[in-house]
Structures are given as C-alpha cells and as structure tokens.
Amino acid sequence: MSDTVNTPTQFNQLPRAGVVPRLIALLYDGMILAGLWMVYGFFAMLVASTFGGLHCQPEHVDYTPCVGGPLYQFGLFAVTAGYFFWSWRAAGQTIGMRAWRLMVANNNGVQLSWYQCFIRALVGPLSVACFGLGYFWGYFRADRASWHDLASDTEVRQLPKKKKSKT
C-alpha cells in the first residue's frame with residue numbers, strides 16, 4: 001500500500017469549513033480580543049490619568065468618565081477592527097482560525113481586499129447578533145456559506161493537517 005495522500009494544491013480544492021469549527025475559532029478570537037482590550041484599557045487609563053483630561057475618580061471606584069466616553073469606545077472599535085483586518089489581509093487567518101486550521105480568501109483563493117474585509121467586519125457581528133443565525137445559515141447551504149461570506153464574496157476553507165516528520 002502506498003503512503004501517498006492526495007493533498008489539495010489550490011484553495012478551492014480544500015474542504016469548506018463547517019459551522020462548529022468556525023464558531024469555536026470565533027470564541028478563541030474573543031479571548032484574544034479580550035486581552036487586546038485589556039492592554040488598550042491599560043494604556044487608555046494611563047493616558048487619562050497622566051494628562052488628567054477625563055477626571056477619573058478611583059477613590060470612588062468610578063471609572064465611567066475614563067472608559068464610558070466616545071473616544072474610548074472608538075478605540076475599542078479600532079482595536080477590534082484592526083485585529084480582524086490585519087489578520088485577514090496578512091495571512092487570511094485570525095489566531096482562532098489558525099488553531100482550527102481555517103482560512104478565509106475570496107472565491108479565487110486570493111487574499112481579501114480591504115473592501116471585502118470591511119463588508120465581512122460589518123456583516124459578521126450581525127450574523128452573531130441574530131442569535132448566530134448568520135452562522136447557522138451555513139447548515140442549510142451546500143457551500144456552508146454564512147451571511148458575511150455571502151455579502152463579502154469570500155469562503156472559509158479547512159486546511160489539511162501538517163504531516164508529522166518521522167525523526
């Protein structure tokens with residue numbers, strides 16, 4: 001018997017990613033984002049307390065003026081968007097997607113454009129906000145596409161496992 005395995009050579013030959021691995025990868029990304037938000041919050045509090053423009057009141061345990069303002073909220077949005085945009089554009093994978101061997105690209109297997117990243121980031125939260133219906137939509141489609149895949153003309157594929165070397 002031969003040890004050869006048919007490995008896909010093109011993106012569109014890879015199997016489409018299922019709903020469950022995609023949701024678990026999203027949970028992984030949520031943990032990464034929580035860490036990034038904490039680092040951002042630390043620096044935001046450092047800047048706010050150094051320059052004193054936001055009048056935080058730690059003696060009353062009231063940090064609302066520091067973290068409740070529109071500038072802070074915009075920063076959280078920028079950190080979140082930056083994480084996903086950079087990950088999708090640079091490697092086609094977020095950290096959660098790497099852990100589950102998932103990759104996103106356009107239908108031709110080419111990395112996402114900035115426009116596709118924007119549409120994906122815009123529709124993705126709606127897919128989750130509707131009780132995950134945007135993701136579970138993939139169960140009813142042959143191509144397993146979710147709402148944000150359809151809107152941004154992208155596909156998420158399952159990468160093959162790496163072969164372990166015999167040493």
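Accessible areas here come from the Shrake-Rupley method with a 1.4 Å probe, and for residues only the protein chains shown count as cover.

**Figure 1. Overview of the predicted model.** The protein exposes about 11,100 Å², of which carbon and sulfur atoms supply 67%. This is a predicted model in which local features need pLDDT of at least 70 and side-chain atom pairs count only at pLDDT 80 or more, while totals for chains, interfaces and linings use all residues. Residues are numbered from 1 along each chain as its sequence is written, and side-chain values use heavy atoms, with hydrogens and water left out. The protein has 7 helices and 2 strands; helices (H or I, at least four residues) and strands (E, at least two) are DSSP runs, numbered from the N terminus. Along the sequence their pattern is α-α-α-α-β-α-α-α-β. Of the 167 residues, 33% are buried (buried means under 20% relative accessible area, exposed over 50%, partly exposed in between, with a 1.4 Å probe and protein chains only). Contact means heavy atoms within 4.5 Å; among contacts between residues at least 6 apart in sequence, 68% join residues at least 24 apart.

**Figure 2. Confidence by element.** The predictor's confidence in each residue is its pLDDT, from 0 to 100. The mean pLDDT of the protein is 86, and 84% of its residues reach 70 or more. Among the elements, helix α4 (residues 95–99) has the highest mean pLDDT, 96, and helix α2 (residues 64–67) the lowest, 63.

**Figure 3. Helix α1 and its buried residues.** Buried residues in α1 include Val-19, Arg-22, Ala-25, Asp-29 and Leu-33. An α-helix has 3.6 residues a turn, so residues three or four places apart point the same way. Gly-41, Ala-44 and Ala-48 of α1 are also buried.

**Figure 4. Salt bridge between Glu-155 and Arg-16.** A salt bridge is a side-chain nitrogen of Lys or Arg within 4 Å of a carboxyl oxygen of Asp or Glu; the count by this rule is 5. The side chains of Glu-155 and Arg-16 meet at 3.8 Å, N to O. Because Glu-155 lies in strand β2 (residues 154–158) and Arg-16 in the segment before α1 (19–51), the pair ties together parts 139 residues apart in sequence. Glu-155 is buried at 14% relative accessibility, whereas Arg-16 is partly exposed at 33%.

**Figure 5. Salt bridge between Asp-149 and Arg-22.** The closest N and O atoms of this pair are 2.7 Å apart. Asp-149 belongs to helix α7 (residues 147–152) and Arg-22 to helix α1, so the bridge ties together parts that are 127 residues apart in sequence. Both Asp-149 and Arg-22 are buried.

Figure 6. Arg-141 is partly exposed at 31% relative accessibility, and Asp-143 is partly exposed at 27%.

**Figure 7. Nonpolar surface patch.** Val-20, Phe-136, Tyr-139 and Phe-140 form the patch, with about 460 Å² of accessible area together. Patches are made of residues with over 30% relative accessible area and no salt bridge; like charges are joined within 9 Å, nonpolar side chains (Val, Leu, Ile, Met, Phe, Trp, Tyr) within 5 Å. Phe-136 lies in helix α6 (residues 133–136) and is partly exposed at 34% relative accessibility.
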